[in-house]
Amino acid sequence: MLKQRTLKSLTHAVGVGLHSGQRVEITLRPAAPDTGIVFRRVDLPQVVEIAVSAEAVTDTRLASTLSKGNAKVLTVEHLMSACAGLGVDNLYVDITAEEIPILDGSAASFVFLLQSAGVELQNAPRRFIRLLKPVEVREGSGPTEKWARLEPFHGYKLSFEIDFNHPAVDSTGQRVEFDLSTGSYSRDIARARTFGFTKDVEMMRANGLALGGGLDNAIVMDDYKVLNADGLRYDDEFVKHKILDAMGDLYLVGKPLLASYSAFRSGHAMNNKLLRELLAHQDCWDVVTFEDVKQAPAGFAQPARAW
Ligand SMILES: [Zn+2]
């Protein structure tokens, strides 16, 4: 049986929120089979638990935000991406403020935390959402066109194309494909950082956003070039970060997907719209388990290494 996974032990980190600039402590803890990933605001007078789901996503303007009543958890996508990449099904995420820490702006720090705690197999079958028919969302046309699509595929692969008109982006790859069966999430995707332009950062700061952002947790560009002294981590770091984000956004559906995802200029809003479209069309998917691990897509049976 292909089994569900959680952590072997708990792990803890401290950082700041990208948008709020607030100090936040985060504790990742093991959870029982079928718990899913549950965020817990332990700073509130009464602890509020928010289980991930497509419907819990209430704001997608700059990051993916989950809400329940007045309680929010901002910027969940990089941690969710690390959980998707390492195949963690069940996890409690305790936080002491409303935003997940940005750490180094990629998913690499979360991968390190999860692997340090170690991944443990649980005695329950891993349940996948398997695409049976294509699902697509689309907006705009010409220069504003964007779309995202899920199609049947025995495995999980993503392809993303960006279209940024900027000298630093034009000279790197605008399109990338990643297959979870043949690639390495930790090596190929997890280290790609979020990115922004100085002119947008100034505007966001004036509106009380990006207060925790800077050169140590983002790629920052002016009109001509990358300002980070060390340059890029991958030649195509920009589009790889979009794959990283998409993996996090899509994992908010609550189960791993067996699908091929492709997108053009998509973002948090469109990725969530795609999940809602998927859930609204029950003839397009079913839920499957693998009693025989050999029937599962290549590479899905091995849990991430513990250190
Ligand atoms: Zn991101």
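**View 1. The interface between domain 1 and domain 2 holds one salt bridge according to the rule applied.** In this predicted model, the salt bridge is formed by the side chains of Arg233 and Asp104, with a nitrogen-to-oxygen distance of 3.1 Å. Between domain 1 and domain 2 there are also 23 residue pairs counted as being in polar contact, with both residues at pLDDT 80 or more.

**View 2. The protein is divided into domain 1, covering residues 3–126, and domain 2, covering residues 128–300.** The contact draws on 41 residues from domain 1 and 39 residues from domain 2, and the C-alpha centres of domain 1 and domain 2 are 18 Å apart. The size of an interface is often expressed as the accessible area that is lost when the parts come together. For domain 1 and domain 2 the buried area is about 2900 Å², and carbon and sulfur atoms give 61% of this area.

**View 3. The side of domain 1 that touches domain 2 draws at least two residues from each of helix H1 (77–86) and helix H2 (108–117).** Helix H1 gives the most to this side of domain 1, supplying nine residues. When the residues on the side of domain 1 that touches domain 2 are sorted by type, 22 are nonpolar, 13 are polar and six are charged.

**View 4. Helix H1 is largely enclosed by the rest of the structure, because ten of its ten residues are buried.** The buried residues of H1 include Glu77, His78 and Ser81, and also among them are Leu79, Met80, Cys83 and Leu86. Helix H1 is followed by Gly87, a residue whose phi is positive, near 70°.

**View 5. Arg40 lies in strand S4, which spans residues 37–41.** Arg40 counts as buried because its relative accessibility is 15%, which falls under the 20% cut-off for a buried residue. The side chain of Arg40 is joined to the side chain of Glu49 by a polar contact of 2.8 Å, and a polar contact of 3.0 Å joins the side chains of Arg40 and Asp94. With neighbours within four places in sequence left aside, the residues in contact with Arg40 are Arg29, Val47, Val48, Glu49, Tyr92, Val93, Asp94 and Ile95.

Terms used:
Residues are numbered from 1 along each chain as its sequence is written. Side-chain values use heavy atoms; hydrogens and water are left out. Domain bounds come from an automatic or database domain assignment. Contact means heavy atoms within 4.5 Å. Buried area is the accessible area (1.4 Å probe) that two parts lose on being put together, summed over both. A salt bridge is a side-chain nitrogen of Lys or Arg within 4 Å of a carboxyl oxygen of Asp or Glu. A polar contact is a pair of N or O atoms within 3.5 Å; within protein, one must be able to donate a hydrogen and the other to accept it, and residues adjacent in sequence count only if both atoms are side-chain atoms. Helices (H or I, at least four residues) and strands (E, at least two) are DSSP runs, numbered from the N terminus. Ala, Val, Leu, Ile, Met, Phe, Trp, Tyr, Cys and Pro count as nonpolar, Asp, Glu, Lys and Arg as charged, and the others, Gly among them, as polar. Buried means under 20% relative accessible area, exposed over 50%, partly exposed in between (1.4 Å probe, protein chains only).
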